[in-house]
Amino acid sequence: MKRNDLLAICLAIFSMFLGAGNIIFPPIVGQQAGEFILQGGLGFMAGDIGLTLLTLVGVAMAGGPDKVTRDLPAWAGKAFWIALFAVMGPAFVVPRSAHVAYEIGLQPFIGNPGALTLNLYAVVFLAIAGWFAINPSRLIVSVGKKMAPLLLLMLTVIAIATLWQPQGGIEAATGAYASNAFSEGMVQGYLTMDALGPLCLGWMIAQLLRNHGVRSDRDIVRYSAMVGLFAALGMALVYSALLYLGATSHGVAPEATNGAHILTAYITALFGTSGTLIMGIIITLACLTTAIGTPSACAEYFHTIGPRFTYCQYIIVIYLVAALVATLGLEQLIAVSIPVMVIIYPLAIALTVVGMVRRWIKHPVLVTRLVAATTLLFAALDGWQASGLMPAMLNTLLTDNLPLFAQHMTWLVAAVIALIIGVLYSHMKKPNSHVDIAASVSTAK
């Protein structure tokens with residue numbers, strides 16, 4: 001590939017990874033971690049970027065995102081991808097991006113005029129995103145060569161200004177960071193759910209590479225890994241600056257409850273009244289690139305399983321559904337989508353990790369299905385808790401008796417145990433059994 005084309009793809013994917021949440025979360029982590037910002041920050045990046053890199057490597061070792069679910073029954077694999085793309089696309093992430101862009105990018109300047117203005121803004125915002133996404137070549141030029149550099153430039157200016165003129169000293173840690181800064185930071189990094197990025201955007205990266213003349217599967221995996229590593233490095237640099245910004249924010253936003261408040265107050269202190277405008281532009285750009293990237297990945301996947309319709313037709317449907325959700329029922333759908341994400345996220349990580357060690361397992365289909373079923377069972381408990389529908393007595397009982405239940409990570413210990421048992425059993429199991437034959441037939445299909 002030409003270096004300029006590869007760089008444009010790297011910048012585009014990086015900006016799609018860098019959503020509004022990735023800009024808002026680190027400042028509150030930095031402020032609460034305080035004197036333990038190094039431990040808390042490293043924990044946050046380990047739980048976020050570390051898991052993202054793990055998923056990236058797993059997808060590359062598997063041979064692409066479509067290979068991650070190859071050991072599941074065909075119906076289960078499709079159900080996983082459809083649920084993932086529904087939540088990451090029109091059902092949650094995309095309409096939510098339109099709402100966040102409105103709340104931070106426009107509402108501070110116009111007050112609260114009512115639902116009609118929000119709905120009109122969401123429709124226009126999604127129409128603009130759809131115009132960029134409907135043409136992949138336009139996507140790279142617009143996002144990779146224009147939006148991403150502008151977003152990076154603005155974040156770089158803020159980082160330099162923060163280092164040059166910090167708005168307060170680093171104070172004592174608060175909450176869980178005072179005693180367990182690294183582990184608390186890791187939990188918060190895990191809860192960003194950014195590790196879904198390589199799975200979701202992997203479909204689009206592969207197609208973009210093919211559009212630029214990359215044909216062999218090996219080269220697609222190699223270039224995809226380069227794009228992902230670039231995005232991870234960029235995220236680490238942005239996080240470092242925003243964590244420090246949060247740690248030195250006590251002078252302008254003491255005891256803030258969210259990162260958006262910290263960022264707005266800090267940027268206003270640095271740049272005066274224009275700070276609100278700068279903040280609005282940054283968040284709007286971050287939301288826009290996310291709203292462009294995930295539907296593109298959705299359309300690429302659905303085109304592979306339903307080639308009767310074109311990529312453009314899928315894009316149009318996805319944005320129409322997203323606009324409908326944004327204007328009519330986002331709050332209701334959030335109540336359903338968040339538990340679904342809490343369930344899908346652990347399953348994605350578990351499938352990726354098993355895929356990384358697959359070549360060294362004698363009966364990978366058996367082990368994959370055991371780990372996936374175990375993960376799904378315990379992740380469902382986490383999803384039930386996240387829905388707010390779990391009875392208080394049961395919630396207390398599980399919190400007291402299941403490790404990591406309070407952190408929505410109950411599945412982790414169970415999945416590791418299932419993996420160990422599955423590997424040991426597969427090595428002791430006699431070859432050529434009926435299970436092996438069925439698994440081989442399933443894999444061949």
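Helix 11 and helix 12 are roughly perpendicular to each other, a label that covers angles of 65 to 115 degrees, with angles under 35 degrees counted as roughly parallel, over 145 as roughly antiparallel and the rest as oblique. The model is a predicted one, in which local features need pLDDT of at least 70 and side-chain atom pairs count only at pLDDT 80 or more, while totals for chains, interfaces and linings use all residues. Residues are numbered from 1 along each chain as its sequence is written, and side-chain values use heavy atoms, with hydrogens and water left out.

The axes of helix 11 (residues 217-247) and helix 12 (residues 259-271) cross at roughly 80° and come within 10 Å. Axes here are lines fitted to C-alpha atoms, for helices over the stretch in contact, and angles run from 0 to 180 degrees between N-to-C directions. Helix 11 contributes L242, L245 and G246 to the meeting, and helix 12 contributes I262, L263 and Y266. By class, five of the residues in this contact are nonpolar, one is polar and none is charged. In this scheme Ala, Val, Leu, Ile, Met, Phe, Trp, Tyr, Cys and Pro count as nonpolar, Asp, Glu, Lys and Arg as charged, and the others, Gly among them, as polar.

Helix 11 also holds S224. With a relative accessibility of 16%, S224 counts as buried; buried means under 20% relative accessible area, exposed over 50%, and partly exposed in between (1.4 Å probe, protein chains only). Leaving out residues up to four places away in sequence, S224 touches L56, I205 and L209, where contact means heavy atoms within 4.5 Å.

On the side of helix 13 the contact is made by A291, I292, P295, S296, C298, A299, E300, F302 and H303, and on the side of helix 14 by Y311, Y314, I315, I318 and Y319. These residues divide into eleven nonpolar, two polar and one charged.

N119 lies in helix 7 (residues 115-133). Apart from neighbours within four places in sequence, N119 is in contact with A326 and T327. From N119 to Y244 the separation is 125 residues in sequence and 36 Å in space, C-alpha to C-alpha.

Two loop residues have backbone angles to note. Most residues other than glycine have a negative phi. M193, in the loop between helix 9 (177-190) and helix 10 (196-211), has a positive phi near 60°. At 15% relative accessibility, M193 counts as buried. H408 also has a positive phi near 60°, and is found in the loop between helix 17 (392-401) and helix 18 (411-428).

For the chain as a whole, there are 19 helices and zero strands; helices (H or I, at least four residues) and strands (E, at least two) are DSSP runs numbered from the N terminus. The radius of gyration is 22 Å, close to the 22 Å that the globule rule gives for 445 residues, so the chain is as compact as a globular protein of that length. This radius is taken over C-alpha atoms, and the rule is 2.2 Å times the number of residues to the power 0.38. Of the 445 residues, 52% are buried.
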